[in-house]
Amino acid sequence: MAMSSHLALYRKYRPQTFEEVVGQEHITKTLANQILSGKISHAYLFTGSRGVGKTSVAKIFARAVNCENNTTGSPCGECEVCKKLKQANDVNVVEIDAASNNRVDDIRELREKVKFAPIGAKYKVYIIDEVHMLSDSAFNALLKTLEEPPEYIIFILATTEVHKLPATIISRCSRFDFRLLSIDSLSKVLEGIFKQEGIEAEMDAIKLIAAAGEGSVRDTLSIADSINAYSGGHITKEAVMKVLGTTDHELLLEFFDKIIDKDLGGVLTLINNIDASGKNLSVFAKDAAKHARDLLVCKTCLRPSEILNLPDDVLKKYVAQAERVDDKRLISYMQTFASSEAELRYTLSTRLLLESLAIACITGEEVKKN
Ligand SMILES: [Zn+2]
């Protein structure tokens, strides 16, 4: 799947120590101090947008509390325990995706497992990602464990949507709010990685990529991956603009023609071609949302030219396209795309989300939210 190749840099450059985590010093310093002074908590809550370092910090923390020669707060990376815990599937660091393990039975099973002491380490650390996805009964079960955790257990709950957590859970945790990164911080991350990768990049290009990442290291590096694949080792401002720039009107018209004609195969093929052309799909999804809105303006407003800033020949095509659909369907296109705005920020696969949105427009059914 395209997603994996687009996260190559993100995976490769995951920070291994607290010092390597960028833009979250208010958190990493506190955690390092807690470890050095032996005053750690047994339940942490990490909140913030996706791709800002929550899971990375959780994994570093899991090694740091167990490290045998921890002198700085960070894991040394050299001792037996550090090496052991770095292996995927080590029994002492358990990562649970609450999106797919959200039932009460999953948490009951977890409660059984926490009775077992760590093996070859001091602490067993449970990292529960996207914890807001748990069902109400699962939260209740989790709460019981959080109230009386065994000495050797540490929970780290991570979420992009803290407002969905019950207050009883939040109050049991020591909470850390991860920030979005500044363009400057993201630019520095990019500069460092490009240097190590031997990729040449113009400073203007770096700034543009950093700005497009909208505060997320993960998004920034995913965009850097697609631009690097497109420009092959030498990244110019023009190349970045080409990949990130607004989608041309013809492509949007073609996309919506297929939706209007309920041509599902055609839509999926077109999304595949757009992805393969190196175009960033998040940008395309945002442009598609705007196009749906523009069509509604063409359909319902007396003088759309006063509202839409489009060349005359393009406007004519928009008006003609809007004429082919009734108001109700246009409104549902717009709502479907508008409702995805938050998800676009958080989704792991923009392509899958974009496909679901197109299918929802065609079938008239809502996108299934998990
Ligand atoms: Zn160590």
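Leaving aside its neighbours within four places in sequence, Tyr44 touches Phe155, Ile156, Leu157, Cys173, Ser174 and Phe176, where two residues are in contact if their C-beta atoms, placed from the backbone, lie within 7 Å. The model is a predicted one, in which local features need pLDDT of at least 70 and side-chain atom pairs count only at pLDDT 80 or more, while totals for chains, interfaces and linings use all residues. Residues are numbered from 1 along each chain as its sequence is written.

**Confidence and overall layout**

The pLDDT, which is the predictor's confidence in each residue on a scale from 0 to 100, averages 90 over the protein chain, and 96% of the residues score at least 70. Over residues 1-5, however, pLDDT stays under 50, and for this stretch the model has 5 contacts beyond four places in sequence. Where pLDDT is low, the predicted coordinates should not be read in detail.

The protein chain holds 19 helices and 7 strands; helices (H or I, at least four residues) and strands (E, at least two) are DSSP runs, numbered from the N terminus. Taken along the principal axes, its C-alpha atoms fill a box of roughly 70 × 50 × 35 Å. The domains below have bounds that come from an automatic or database domain assignment.

| Domain | Residues |
|---|---|
| domain 1 | 24-177 |
| domain 2 | 183-244 |
| domain 3 | 249-363 |

Between the centres of domain 1 and domain 3, taken over C-alpha atoms, there are 41 Å.

An open sheet is formed by 5 strands in the order β2-β3-β4-β1-β5, with parallel pairing; two strands pair if DSSP finds at least two bridges between them. At the edges stand β2 (93-97) and β5 (174-177), each of which pairs on one side only.

Strand β1 (residues 43-47) has 5 of its 5 residues buried, a residue being buried if 20 or more other C-beta atoms lie within 10 Å of its own, exposed if 12 or fewer, and partly exposed in between, with C-beta atoms placed from the backbone. In a regular strand the side chains alternate between the two faces of the sheet. In β1 both faces are covered, with Ala43, Leu45 and Thr47 buried on one side and Tyr44 and Phe46 buried on the other.

Strand β1 runs parallel to β4 and is joined to it by 5 bridges, and it pairs with β5 in the parallel sense over 4 bridges. On β3 (residues 124-129), which pairs with β4 (residues 153-159) in the parallel sense over 5 bridges, Ile127 stands opposite Ile156 in β4.

**The nonpolar cores**

A nonpolar core is a set of buried Ala, Val, Leu, Ile, Met, Phe, Trp, Tyr and Cys residues joined through C-beta atoms within 7 Å. The largest has 70 residues, and those with the most contacts inside it are Tyr44, Phe46, Phe61, Phe155, Ile156, Leu157 and Ile209. Helix α4 (residues 54-66) gives the most to this core, with 7 residues. Because domain 1 and domain 2 both give residues to this core, it lies between them. Another core lies apart from it, with 26 residues that include Phe256, Ile274, Tyr318 and Phe337.

**An exposed loop residue**

Ser277 lies in the loop between α14 (264-276) and α15 (281-300), and it counts as exposed because it has 11 C-beta neighbours inside 10 Å.
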